[in-house]
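Please keep the sequence and the 3D view at hand while reading.

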Amino acid sequence: MAKKGYSTQPKKSDLKAKENSKNNKRQAHNNMVENRQKKPQFVPKFPLIYVDGMTVSEISEVTKRSIPDIIKELMKLGVLASQNQSIDSDTAELLADAFGIEFKIDESKDLTNFEKIEIEDDPKDLVSRPPVVTIMGHVDHGKTTLLDTIRSSRIASTEAGGITQAIGAYQVKRNDKLITFIDTPGHAAFTEMRARGAQVTDIVVLVVAADDGVMPQTKEAIDHANASKCPIIVAVNKCDKAQANPDRCMQELSELGILPEDWGGDVPFVKISALRGTNVPLLLDTIQLVAEMEEYKANPNREAIGYVIESKLDKNKGPQATLLIKNGTLHVSDYLMVGNTWGKIKAMYDDMGRLVKEAGPSTPVSIMGLQDVPQAGDKFMVLNDERKVRKIAEARKEKSKLKSIESKTIISLDSYSRDKDETPELKLLVKADTSGSAEALKASLEKLSVEGAKLSIIRASVGQVTENDVLLAQASKAVVIAFNVASLSNVKDLAKLKGIEIRNYNIIYKCLEDIEAAMKGMLSPVYEDVNCGEARVLEVYKASKVGTIAGCMVDSGFVRRGAMVQVLRDGVQVYKSTVSSLKRYKDDAKEVKAGFDCGLTITNYNDIKIGDVLIFSITEEVSQDEN
């Protein structure tokens, strides 16, 4: 019971005061939120490095943007996606552009370009692997006979009878160690594979007949072997013949830069008779000795990678391919990507036609189970995920359809690329009407000297440009110089298809002028700083997260984000750096021209004063002739 004279109800004045207090707190909170929203927020710009199949949450993690912000921007682009949904590269690029950040595709993890992926192996996991050998030389100098002799010696030493299945490659055991031979029809196929990026050969055995000496195809074989940068072993064949003259072969080869070890060079020469088998074991020993010096190694305890040597479509068995394993171990039931196709290995045969369950480094095997027939030189990679392999193969097939001759990288004098890391090298393949013209042109070209550029003559020979020349030029990334010689239509068509330029000349000084101009164009450009604008600091603002913001009026030229800036105070330079951010009112700007005001920050500099003069400069390429 309430005391007399006291009321149990609160006074109206107290209620009103309490309500006013609540309203004041609410208003203060709203003002705080509004001020926080008005305050410019500095958002660090992390690049979007895209990996195939990247999800919204992964993009958020890389770019340091919130998932709701990313989903919101995707909705603006007409894409509805959850945080776990994958985004394709085109959408990701548009998203990066919307955020104003850099976009890159990480090719090291992009499985649609698996040829470019290099997986580093721990040196502890590496073991010796058999060398891979290709035999090359002139027609009728005994390449096939030598291969047959090596092959028959292998058959005789095995319990199995004959070869039940030829797969384009085979292995021979010598001193309890294996050697892998690629049975190719000649250096054209060898170069065609190398032109497609398939560097499958470790050692080249050059066969030269002792009674014939160096012949045109011998020179071609040397050019191809040198271009591949493989060690060379010379097998001087037919030494059992009465008219054999091995010393003449050594003399002729030394004139071509193949200097024998007996004469102080580094190329082993082995005198053999492939027909009788004389010294063939010594040749195999020499191959193993070179392999030991080169130390060929691989990691057998990883998923296999390698190249296609041959392929065909069997009407009963379907697509078949001969694979040479470069690294890792291949197993039956593995899923693999091969060129623009894929498959699951249903059966695998070795070079004797026997079923095998696995095959290690440098081993040739024939496989069944591919969806389509791949091309010789295609790279393969095992990825034991059927869904992913199928998806990657479809994406690669689609990319292949979109490619055209126009989009092909053209190897020409006008479009020769610059290399920032190494001295640029212009490679030429010279064809001339006479040996005198070829030698004169080669000598004149080699005398050209342009500082910072290098010129290499891959080959200088007589005769019209052939298909083999085009293949060698493609593999070596060279331009073909045709001096007083013609090219047949089929050769021109092949050159166009392969993206190789054939330049025709009949005046030597005109050729030299063009090559010198191309070498100068290859040089890394010369740059210098050029003043582009000037501004005055009218106001200075302090921001805790951003630093000092200079409110400026651009008096002349223009201001560009990223430009060099000199800070002048009383006519004296006090600091030099770059423009880290540039705004017009609240919006980011790439460039602000004379007559407009702007706000900017200077990288690592906050001591900006009102009245400072800012001089801006950009870096521009200067013509070589001006220096």
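Asn604 is exposed, at a relative accessible area of 70%; exposed means over 50%, buried under 20% and partly exposed in between, with a 1.4 Å probe and protein chains only. Asn604 sits in the loop between strand 29 (597-602) and strand 30 (613-622). Although Asn604 is not a glycine, its phi is positive, at about 60°.

Asn279 also has a positive phi, near 65°, and is a residue other than glycine. Asn279 belongs to the loop between strand 9 (269-271) and helix 9. With 34% relative accessibility, Asn279 counts as partly exposed.

## Basis of the model and overall make-up

This is a predicted model, in which local features need pLDDT of at least 70 and side-chain atom pairs count only at pLDDT 80 or more, while totals for chains, interfaces and linings use all residues. Residues are numbered from 1 along each chain as its sequence is written, and side-chain values use heavy atoms, with hydrogens and water left out.

The protein chain has 14 helices and 30 strands. Helices (H or I, at least four residues) and strands (E, at least two) are DSSP runs, numbered from the N terminus. Of the 627 residues of the chain, 44% count as buried. Among contacts with a separation of 6 or more, 70% are between residues 24 or more positions apart; a contact means heavy atoms within 4.5 Å.

## Nonpolar cores

The largest nonpolar core has 24 residues, and those with the most contacts inside it are Leu146, Ile150, Phe181, Val205 and Ile287. Such a core is a set of buried Ala, Val, Leu, Ile, Met, Phe, Trp, Tyr and Cys residues joined through side-chain atoms within 4.5 Å. Two or more residues each come from strand 4 (132-137), helix 5 (143-156), strand 5 (169-174), strand 6 (177-182), strand 7 (203-209), strand 8 (232-237) and helix 9 (280-294). Helix 9 gives the most to this core, with 6 residues.

Ile150 touches Ile135, Tyr170, Val172, Phe181, Val280 and Leu284, when residues up to four places away in sequence are not counted. Apart from this core lies another, of 23 residues, among them Ala535, Val559, Val567 and Phe616.

## Helix pairs

How do helix 12 and helix 13 pack? Helix 12 (residues 467-476) and helix 13 (residues 489-498) have axes 9 Å apart, at an angle of about 15°. Axes are lines fitted to C-alpha atoms, for helices over the stretch in contact, and angles run from 0 to 180 degrees between N-to-C directions. Helix 12 and helix 13 are therefore roughly parallel; angles under 35 degrees count as roughly parallel, over 145 as roughly antiparallel, 65 to 115 as roughly perpendicular and the rest as oblique. The crossing of helix 12 past helix 13 is right-handed. A crossing is right-handed if the near helix is turned clockwise from the far one by less than a right angle, and left-handed if anticlockwise. Glu467, Val470, Leu471 and Gln474 of helix 12 make the contact with Asn490, Val491, Leu494, Ala495 and Lys498 of helix 13.

Helix 7 (residues 216-228) and helix 12 have axes that come within 10 Å and cross at roughly 15°. That makes helix 7 roughly parallel to helix 12, and helix 7 passes helix 12 in a left-handed crossing. Helix 3 (residues 67-76) and helix 4 (residues 89-99) also have axes that come within 10 Å, but cross at roughly 110°. Helix 3 and helix 4 are therefore roughly perpendicular. Here Asp69, Ile70, Glu73 and Leu74 in helix 3 meet Thr91, Leu95, Ala98 and Phe99 in helix 4.

## Two aspartates with polar contacts

Asp555 lies in strand 24 (residues 547-560) and, at 35% relative accessibility, counts as partly exposed. The side chains of Asp555 and Arg536 are joined by a polar contact of 2.7 Å. A polar contact is a pair of N or O atoms within 3.5 Å; within protein, one must be able to donate a hydrogen and the other to accept it, and residues adjacent in sequence count only if both atoms are side-chain atoms. Asp555 and Gly533 are 22 residues apart in sequence and 7.6 Å apart in space, C-alpha to C-alpha.

Asp121 is in the loop between strand 2 (103-105) and strand 3 (127-128). Its side chain makes a polar contact of 3.1 Å with the side chain of Asn299, and one of 2.9 Å joins the side chains of Asp121 and Asn327.
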